[in-house]
Amino acid sequence: MSKVTKELIHPRSIVVVGASNDISKPGGKILMNLLDGNFKGELFASNPKEDEVQGVKSFRKLEDIPQVDMAILAVAAKHCLGVVDYLSHQRGTKAFIIISAGFSEENEEGRILEEQIVKILDETGSCLIGPNCIGVINTSYSGCFTWPIPKLDTNGVDFISGSGATAVYVMELAIPQGLTFNSIYSVGNSAQLGIEDMLEYLDDNFDPDTSSRVKLLYLEAVNKPQKLLKHASSLIRKGCRIAAIKAGSSEAGSRAASSHTGALANPDTAVDALLRKAGIVRCHSREELAVLGALFMHKELKGPNMAIITHAGGPAVMLTDILSNGGLKVPAISGPKADELLTHLHPGSSVSNPIDILATGKEEQLSACMEFADEHFEEIDGMVVIFGSPGLFSVDPIYDLLDEKMKTSKKPVFPILPSIINAKEEIDRFLSKGRINFPDEVAFGRALVQAYHTPEPVMAEELPDINREKIRSIVDGASEGYLNPELVQDLLDAAGIPTAKEIVVAEENSLFNAIKDIGFPMVMKVVGPVHKSDVGGVVLNVQSIEQAQIEFSRLMSIQDASAVLLQEMLSGQELFIGAKEEGDFGHLVMCGLGGIFIEVLKDVQASLAPLGSEEVDGMLLRLKGRKLLEGTRGQAGINIDSYKDCIRRVSALVSVAPEIAEMDLNPLLGTPEKVIAVDARIRIKSA
Ligand code: ADP
Ligand code: MG
């Protein structure tokens with residue numbers, strides 16, 4: 001259960017501790033924002049020198065403060081513990097916002113202070129936002145010390161930010177475009193409540209009739225990946241849409257990875273995979289986040305075909321480019337209905353899409369186009385209306401019509417109103433009706449493409465049928481480090497992953513019998529060194545007993561050699577599958593074209609285990625080398641279903657045996673008939 005208390009969301013009374021008459025100080029501005037905002041409850045101040053602050057009753061001593069639901073602290077860090085202790089124990093205060101810095105972000109002393117505060121709050125069933133944050137704004141109160149305060153609306157965006165300043169700058173971009181907010185939580189150091197916890201709260205309390213459906217996140221760290229995944233996917237399944245920035249790839253790739261595929265993954269790959277699995281659209285800039293927030297406030301686009309209706313050629317062409325290059329379509333429109341539409345337009349207009357009503361086109365023409373696109377052009381899934389002003393006359397009637405049409409239209413309509421100077425007043429009036437503007441068509445188009453291609457959250461699926469008992473018994477009995485070839489073979493067998501026939505030979509006198517089993521041509525590999533080819537430890541196409549004897553002696557003389565592996569010689573397309581443990585994210589499973597391609601092309605796709613069957617389809621679709629798997633220019637493809645099955649089995653294996661730190665099947669050899677692993681490495685992590 002979420003630790004968020006109802007007092008944090010709808011406090012009936014608030015005290016600002018450290019309130020000031022000086023509104024250039026946080027303790028002054030926060031009180032001012034609360035007074036200016038829509039807070040309907042009782043408001044108090046606390047300041048050792050004042051009986052009244054900004055007209056609000058102020059208490060000089062902590063002990064004088066009456067029962068309050070919420071306390072907002074804008075006092076030095078060292079005073080916070082005492083205040084929290086007193087109010088939570090003596091005054092039943094159930095929600096705290098600590099604005100002050102000087103905690104874990106500063107030094108060890110601050111970290112300890114923070115811990116002590118959280119301990120008290122956990123004991124008393126209270127909750128905390130911060131410390132080191134700008135505060136909280138929602139439809140009940142404006143408990144933050146920054147400007148601007150956006151227009152608040154229960155249908156607006158819920159925005160949870162790991163950085164206060166970034167939250168402000170995102171709002172500064174989004175507010176002029178008309179984006180409204182239901183809540184803004186700046187979680188600061190996330191001492192008790194972090195982004196994941198706020199998301200959990202929104203999920204647990206989601207009401208399909210009243211809750212807002214758009215969530216924006218700014219994450220500096222993903223501290224609780226499983227929680228993020230769980231609640232983001234759940235919210236999206238309930239009909240919400242979520243976009244997030246995750247900044248900083250931090251300790252990228254620094255975690256030791258000795259396998260080749262392992263080195264291709266870093267913590268940012270895991271973040272990417274996590275967001276994709278949850279169905280969150282990942283953004284990389286404030287602008288993208290603001291535009292996606294705006295996009296999500298519109299009806300959802302259900303298909304790829306857009307009609308672009310405009311009186312200006314250039315932006316329509318740029319939008320067509322960005323949509324078409326991004327896999328959406330601006331299909332040609334023709335036929336009797338198109339001809340009929342043309343009769344409503346000025347001579348010279350074009351309906352072929354983009355639909356151009358010319359500079360002389362006004363509301364009647366726009367109205368006809370929107371009506372036809374909505375009702376008659378069945379191939380069209382959504383419309384974009386681009387309408388600016390050269391500054392000659394008012395475009396109010398046009399924007400009024402647009403607003404009306406947006407209300408009645410069955411298909412999503414996206415307004416691109418570029419004249420933010422010429423038509424400023426008209427745009428403002430349009431926004432005051434609760435509308436949002438996309439001033440730039442390319443930024444809009446990019447966001448639309450991104451949102452359209454973000455898959456639905458992955459549903460849990462049954463794992464493929466693998467021998468769990470056998471896997472557990474092998475792993476429980478294994479010591480840390482690389483498993484020997486026999487154990488690797490046993491594990492892959494238990495997971496149902498096909499492998500080449502092989503025999504490990506430690507003594508030359510067992511060589512002959514082993515050869516009889518394997519047959520020629522055969523492959524011989526040194527057992528011991530991790531990267532066998534690098535030390536001359538792989539011999540392909542061994543054709544005779546004599547050659548086998550010579551190679552046996554040579555391979556045994558390689559440093560660290562303990563035995564020689566004999567393997568049947570196969571052929572096929574080289575593929576790889578890898579898995580790597582990524583802390584709390586779980587295991588990343590990777591796939592791609594193997595052999596020499598892997599490091600050069602870096603054509604790798606990664607997803608977090610356990611993998612659903614559609615998720616694997618998605619991975620293979622995103623591979624640049626996809627065509628090679630399907631077969632191209634006379635080259636046979638591979639059995640894609642077998643490859644998929646192997647990928648899902650690797651995912652199931654690491655799910656059943658999370659002790660596997662990394663594993664590497666490189667290569668598997670794929671033919672149209674089957675996919676078989678010829679080289680495998682599995683490393684067990686230290687307990
Ligand atoms: P390592 O990765 O340790 O260098 P591998 O066992 O992957 O050793 O062998 C190196 C290369 O030899 C493989 O990438 C593959 O091209 C080829 N190879 C290995 N085993 C076989 C086999 N059984 N049949 C055909 N080719 C093989
Ligand atoms: Mg290999």
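# Report on a predicted protein model with two ligands

Leaving out residues up to four places away in sequence, Gln177 touches Leu431, Arg435, Ile436, Asn437 and Pro439. A contact of this kind means heavy atoms within 4.5 Å. The structure is a predicted model, in which local features need pLDDT of at least 70 and side-chain atom pairs count only at pLDDT 80 or more, while totals for chains, interfaces and linings use all residues. Residues are numbered from 1 along each chain as its sequence is written, chains are lettered from A and ligands numbered from 1 in the order in which they are written, and side-chain values use heavy atoms, with hydrogens and water left out.

## Overall architecture

The chain contains 24 helices and 29 strands. These elements are DSSP runs numbered from the N terminus, with helices (H or I) of at least four residues and strands (E) of at least two. Along the principal axes, the C-alpha atoms fill a box of roughly 100 × 80 × 35 Å. Of the 687 residues in the chain, 55% are buried. Buried denotes a relative accessible area under 20%, exposed denotes over 50%, and partly exposed lies in between (1.4 Å probe, protein chains only). Among contacts with a separation of 6 or more, 71% join residues 24 or more positions apart.

One open sheet has seven strands in the order β9-β8-β11-β10-β12-β13-β14, and its pairing is mixed. Because β9 (142-144) and β14 (281-283) each have a single partner strand, they stand at the edges, and one side of each is left without a neighbour in the sheet. Neighbouring strands are turned by 20° against each other on average, direction ignored. Such angles rest on axes fitted as lines to C-alpha atoms, for helices over the stretch in contact, and run from 0 to 180 degrees between N-to-C directions. Two strands are taken to pair if DSSP finds at least two bridges between them. Strand β10 (residues 152-161) pairs with β11 in the parallel sense over six bridges, and Ile160 has Tyr185 of β11 as its bridge partner.

Gln177 occupies the loop between α5 (164-174) and β11 (181-186). Its relative accessibility is 13%, and Gln177 therefore counts as buried.

With a relative accessible area of 24%, Ala247 is partly exposed. Apart from neighbours within four places in sequence, Ala247 is in contact with Tyr218, Leu219 and Glu220. Phe206 is 41 residues from Ala247 in sequence, and their C-alpha atoms are 27 Å apart.

## Asp374 in helix α13

Asp374 belongs to helix α13 (residues 363-375) and is buried at 9% relative accessible area. Its side chain reaches the backbone nitrogen of Lys410 at 3.0 Å. Such a polar contact is a pair of N or O atoms within 3.5 Å; within protein, one must be able to donate a hydrogen and the other to accept it, and residues adjacent in sequence count only if both atoms are side-chain atoms. Residues up to four places away aside, Asp374 touches Met383, Thr408, Ser409, Lys410 and Lys411.

## The four-stranded sheet

A further open sheet has four strands in the order β20-β23-β21-β22, with antiparallel pairing. Its edge strands, β20 (502-505) and β22 (538-542), each pair on one side only. From one strand to the next, the twist averages 20°. Four bridges join β20 and strand β23 (residues 563-568) in the antiparallel sense; among the paired residues, Val504 has Leu565 in β23 as its bridge partner. Helix α18 (residues 485-494) packs on this sheet and touches β20, β21 (522-527) and β23, its direction making about 160° with that of β20.

Ligand 1 has 19 residues around it, of which Lys525, Lys532, Ser533, Glu574 and Asp679 come nearest. A residue is near a molecule if one of its heavy atoms lies within 4 Å of it.

| Residue | Atom of ligand 1 | Distance |
|---|---|---|
| Ser533 (side-chain N or O) | oxygen | 2.5 Å |
| Asp679 (polar side-chain atom) | oxygen | 2.9 Å |
| Arg681 (polar side-chain atom) | oxygen | 3.4 Å |

The magnesium ion (ligand 2) has Asn666 (O) and Asp679 (OD) as its protein donors, at 2.1 to 2.2 Å. The pair links distant parts of the chain, 13 residues apart: Asn666 lies in strand β27 (residues 660-670), and Asp679 in the loop between β28 (675-677) and β29 (680-684). Donors are N, O and S atoms within 2.8 Å of the metal (3.2 Å for Na, K and Ca); water is not among the atoms, so sites may look incomplete. Both Asn666 and Asp679 are buried.
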